[in-house]
Amino acid sequence: MIPLYGFLEGDTMGLIVLADESDTAAVLAEKLQTSARVRIKLTGKVKLLHNGQTIDPETTVAQARMEALDRIDVVKARSR
C-alpha cells in the first residue's frame, strides 16, 4: 500500500488515501470522494491531478510514478 495525501475540491482538510500500485486514477478519485463524503460531495465528472498534471482515468499508480506521501487532487472536470 502506498499512502498518498488526497485533497478534494471544496473540502477543508486533506486525507490519507491508501493506494495499490494497480489502482487507476479513477479508483483513487472514488476512494477520496468516498472518504470525504461526510463533509462534501462532488457531483458530475471529476479529474485527478498529480504534481499539477491531469492523470488519465485508466492510468495506474505505478504508471503515474506515484510515491509515498505524494499529493493528489480530485477536482471537478470543467468543460470548455
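Author: Start with L18, which lies in strand β2, residues 15-19. Keep in mind that this is a predicted model.
Reader: Which nonpolar surface patch is L18 in?
Author: One formed by M1, Y5, I16, L18 and L69. Together they have about 530 Å² of accessible area.
Reader: Now the sheet. What order do the strands take?
Author: The order is β2-β1-β5-β3-β4. That makes five strands in an open sheet, with mixed pairing. β2 and β4 (53-55) are the edge strands, and each pairs on one side only. On average, neighbouring strands are turned by 40° against each other, direction ignored.
Reader: And what does α1 touch in the sheet?
Author: α1 packs on the sheet and touches β1, β2, β3, β4 and β5. Its direction makes about 140° with that of β2.
Reader: How do β3 and β5 run?
Author: Antiparallel, joined by five bridges. K47 stands opposite V75 in β5.
Reader: New topic: where is K45?
Author: In the loop between α1 (25-36) and β3 (46-50).
Reader: Why does K45 count as exposed?
Author: Because its relative accessibility is 69%, and exposed means over 50%.
Reader: What does K45 contact, beyond its neighbours within four places in sequence?
Author: V75, K76 and A77. K45 and V75 are 30 residues apart in sequence, but 8.7 Å apart in space, C-alpha to C-alpha.

How values were computed. Residues are numbered from 1 along each chain as its sequence is written. This is a predicted model: local features need pLDDT of at least 70, side-chain atom pairs count only at pLDDT 80 or more; totals for chains, interfaces and linings use all residues. Side-chain values use heavy atoms; hydrogens and water are left out. Helices (H or I, at least four residues) and strands (E, at least two) are DSSP runs, numbered from the N terminus. Buried means under 20% relative accessible area, exposed over 50%, partly exposed in between (1.4 Å probe, protein chains only). Contact means heavy atoms within 4.5 Å. Patches are made of residues with over 30% relative accessible area and no salt bridge: like charges are joined within 9 Å, nonpolar side chains (Val, Leu, Ile, Met, Phe, Trp, Tyr) within 5 Å. Accessible areas come from the Shrake-Rupley method with a 1.4 Å probe; for residues, only the protein chains shown count as cover. A salt bridge is a side-chain nitrogen of Lys or Arg within 4 Å of a carboxyl oxygen of Asp or Glu. Two strands pair if DSSP finds at least two bridges between them. Axes are lines fitted to C-alpha atoms, for helices over the stretch in contact, and angles run from 0 to 180 degrees between N-to-C directions.
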